[in-house]
Amino acid sequence: MGTVTLGVSIAVPEPYGSFLQKRREGFGDPHAHGIPTHVTLLPPTEADDSCLPAIEAHLAEVAAAGRPFPMRLSGTGTFRPLSPVVFVNVVEGSAACAWLQKRIRDTAGPVARELLFPYHPHVTIAHGIAEEAMDRAFEELADFEAAWAVGGFALYEQGTDGVWRLEREYPFGQSEQDAPPMATGVPHQGVVRPSAPSH
């Protein structure tokens, strides 16, 4: 028996997902290649691997109660100076994300946890890099726009290599019996690329 590091998120679909991941890598974020572009519902959380069946059943139950909703991203924001993060704003779909993350973290569930900061749905495009690079991310993606219909969320597991891999998708309105089988372990955007060497 061991522990796993899990996260639950809404993937940003193509072509936006790969575009933002490549931009994040271009700003010099060394973790960009291993993090599929997403809106977080459950931040990185350690759990005993023996708890996975209960966690998966809980997520399926949350998804079964969910319904598709519109998501729209527009412009950039930052958590600086409180936290070294620049992000793309979620301007439509925030309430639905908040509803989902609250139920996923329910105190009666298997992944109950407190958050360090109040929940604020967003898409990270730079984290913990030089201030100049974060300024550039903030400015260069200020006109970014994307919109799509969210049909569910997904469970990811972080490998020992630091890469987050898709474990299972949870479409809205489906019961545990109807949920799809375990995924193949690749991000929504496709194959993970090795990070470029820094200069």
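Let me start with a definition: on a 1 Å grid over the protein atoms alone, a cavity is a set of points where a 1.4 Å probe fits but cannot get out. A pocket is an open set with protein on both sides within 12 Å along at least five of seven lines. Lining residues have an atom within 4 Å of a point. Grid points are joined across faces, edges and corners, and a volume is the space filled by probe spheres set on those points.

Now, the model itself. This is a predicted model, where local features need pLDDT of at least 70, side-chain atom pairs count only at pLDDT 80 or more, and totals for chains, interfaces and linings use all residues. Residues are numbered from 1 along each chain as its sequence is written, and side-chain values use heavy atoms, with hydrogens and water left out.

How many cavities of 30 Å³ or more are there? There are 2. The largest cavity has a volume of about 50 Å³. Its lining is L20, Q21, R24, I35, P36, T37, H38 and T124. Helix α1 (16-26) gives the largest share, 3 residues. Helices here are DSSP runs of H or I, at least four residues; strands are runs of E, at least two; both are numbered from the N terminus. By type, this lining has 3 nonpolar, 4 polar and 1 charged. Nonpolar means Ala, Val, Leu, Ile, Met, Phe, Trp, Tyr, Cys and Pro; charged means Asp, Glu, Lys and Arg; the others, Gly among them, are polar.

Next, the largest pocket. Its volume is about 1000 Å³, and 33 residues line it. Nearest its centre lie T40, P43, P44, H122 and T124. Which strand supplies the largest share of the pocket lining? That is β2, with 6 residues. Strands β1 (3-11), β2 (38-48), β5 (122-127) and β7 (152-158) each supply at least two. The pocket lining divides into 18 nonpolar, 12 polar and 3 charged.

Now two peptide bonds. Most peptide bonds are trans. The bond from E14 to P15 is cis, with omega near 5°. P15 sits in the loop between β1 and α1. The bond from R80 to P81 is also cis, with omega near 5°. P81 lies in the loop between β3 and β4.

Last stop: L82, in the loop between β3 (69-78) and β4 (85-92). Is L82 buried or exposed? L82 is exposed, at 66% relative accessible area; exposed means over 50%, with a 1.4 Å probe and protein chains only.

Notes: Buried < 20%, exposed > 50% of the residue type's maximum accessible area, 1.4 Å probe, protein only.
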